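Here is a short report on one protein model. It covers domains, a sheet and a pocket.

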Amino acid sequence: MSSISLKHASKVYSGGAHIGKEHIVGDRVVNDVDLDIADGEFVVIVGPSGSGKTTLLRMIAGLEQITSGELYIDGKLANDLEPRERDVAMVFQTYGLFPHMTVYDNLAFGLKLRKVSPEIIDEKVREAAEMLDLTPYLYRQGKTLSGGQCQRVALGRAIVRRPKIFLLDEPLSNIDARLRVQMRTEITKLHHKLKTTFVYVTHDQTEAMTMGTRVVVMKDGVIQQADTPNALYERPVNLFTACFLGSPQMNIFKAKLGKDSNGVFAAIGDSRIAVPDPLALRIVDGEICGDVLLGVRPEHMRTEPTVGAKFESTLDATVDVVENLGNESILYLNVDGKDDYATARVDAQKRLGQGEKTTLYLDGEHICLFDAYTERSLFAPPEYDRLSAKSEARDGALYLSFAGNDIELPQSVICRITDRAAAIGNVTVGIRPADFRADGNDADIKICGKATLCDDNGGRGDKLVYVAVDGQKDTTVVATLPADMICEIGDAIELYAHIDDIELFGESGARITTDMPVSLNTTQGVVKNIGGKVVYKLRSARGGKAKLAFDGDARGAAGYLGQQSIYILPDGFDADAVAVKNAPRNSILSGTVTHADFYRGGAVLTVKTKGFDEPVTAVLRGYNGGGVGRKIKLAVDPKSIAIGMRYSFSDELKRK
Ligand code: ADP
Ligand code: MG
């Protein structure tokens, strides 16, 4: 038995593709995965094809090198352990049985290779066969077995080894539907018998919901949510999870969020859907207004009012198609505010015909609201708690005041600012819920307020505390605090956070700090004036060379000819395809992305390029191209090149 822990685990396939002389590295197919699997747990990893499930499983098995991050098995670092040292057994979609061997020999094969004695092999094979109802078939040849029997033999081969961990990769996807249902329960029973850690990969939502005690939803190599099947269904943290699980899919309406004397509502066309207080209290993202997506599952769209429902709202609809399934009917309806059909699951007794007008009753307690842009659930803790702030440049330093704090920003934060113009004036301070603590010191940010909600977070080992911030109207922050924290609604709460943990957002809502220092890009080189052209010959200490040349003299470089330190401002690049195409000759640096931080409206990249020792940092507004591993061309703006001078943020401020 064994626990598994992944910390910031990523995988980039270095596929070995070559274009010309350049070696193309792939995307991050598993991206920054944090996952703890307890001893004896049955965890299902689910996601669409290509989401990185198999890769993640192979990383645990040791069949795939982990590019960055750590894997611990039983608390011990396992990144560099050979597969056989990990004591895991992997079962694949293709069974890989030997067709001419009997079931017995197929089961015994691995043990024979390990030179286990015949008596022990016999005991283990019979035990596994018994467990999997294979005893009657022990002397049949592999090729005469049905798909389901083959799959059981494949499982049996894993069981005879008694591994510490079972890794199963879509083991049921090759067998027919009826058998699949049976095998599902058999694998669950097997887990109960063996009490070993199981990690089970599938793209099938039914398998995920019925088998897993915990389900991990993946998309594009990123874990979207890891939760109990119930919590995933009832409290999806984003639109993807909400729509991936459940059939028919959750109905999604375009809506606008608003507030009046009756409380918070979401308006779909002319209809208002009331948001019950306990849910409205979870909406922490500043003012309540703006575009949202409202989700309701088909079973919560009723054609009659529900007795005792406190927060029911109505929508007008027209029935278009009725699908009678015997025990229930699926209605396909036209509703204002929704381009495609809305679906409702209703009692089969309910007689509604095509073209009939009806009223849909939505229970507010069962709605989901998603931010129309980020697609995150407004009821889940936000990625960042947001506090409006003012920032002011004084004496070459930057001061920030918000929610009773008045602080000079340390250099460690200033050097992460990507948009210096937007950093002055009205800004928003963002703090991750998990970065708050219940105690701290004078150097910390301190937020005071009253608890409006204390939530055990579905028993996930921490407590979510929602705090209405003193002195800032309509501002609630949520903090992830220890589960044993005692807190009741109305309690005065103090929250602390480290200044380095803040992010800043500009007035447009775009994040203007990044997760790495945005320092000036520095290298050595020679500056020449060749027939009215200013030429920079960049040379890294390792000897890599690059040449930039521009007509004219944008920053007075002609006064600094010769050997110089050469700097390029981080926002002096453009990666837009058209800009790069139209850029003059010798004004482009090309390289490979080594780090990428994407945010609304752009990205900050580091790019390994010739002529620089360190990857250059480029702040790219509007960039939505490839991330780590991608080849990229950066057009350099001659106005962003500086020579021989010292650069400081205060100089930049003074220039304004
Ligand atoms: P899933 O199991 O969820 O369908 P995979 O883990 O098999 O997803 O694949 C995730 C991504 O990694 C896919 O885009 C796939 O094309 C890519 N990939 C898988 N194996 C390799 C490989 N050996 N080399 C390069 N890319 C790979
Ligand atoms: Mg796969």
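## Domains

Domain bounds come from an automatic or database domain assignment. That assignment gives domain 1 (4-234), domain 2 (241-371), domain 3 (387-505) and domain 4 (522-655). Between the centres of domain 1 and domain 4, taken over C-alpha atoms, lie 47 Å.

The model is predicted: local features need pLDDT of at least 70, side-chain atom pairs count only at pLDDT 80 or more, and totals for chains, interfaces and linings use all residues. Residues are numbered from 1 along each chain as its sequence is written.

## An open sheet

Helices (H or I, at least four residues) and strands (E, at least two) are DSSP runs, numbered from the N terminus. Two strands pair if DSSP finds at least two bridges between them. Here 5 strands make an open antiparallel sheet, ordered 17-21-18-19-20. Strand 17 (301-302) and strand 20 (342-347) are the edges; each has a single partner strand, so one side of each lacks a neighbour in the sheet.

Strand 18 (residues 312-324) pairs with strand 19 (residues 328-335) over 7 bridges, in the antiparallel sense. Asn324 sits opposite Ser329 in strand 19.

## The second largest pocket

A pocket is an open set of points on a 1 Å grid over the protein atoms alone, where a 1.4 Å probe fits, with protein on both sides within 12 Å along at least five of seven lines; lining residues have an atom within 4 Å of a point. The second largest pocket is lined by 25 residues, with Ala89, Met90, Arg114, Arg157 and Arg161 nearest its centre. Helix 3 gives the most to this lining, with 6 residues.

Technical notes:
Chains are lettered from A and ligands numbered from 1 in the order in which they are written. Side-chain values use heavy atoms; hydrogens and water are left out.
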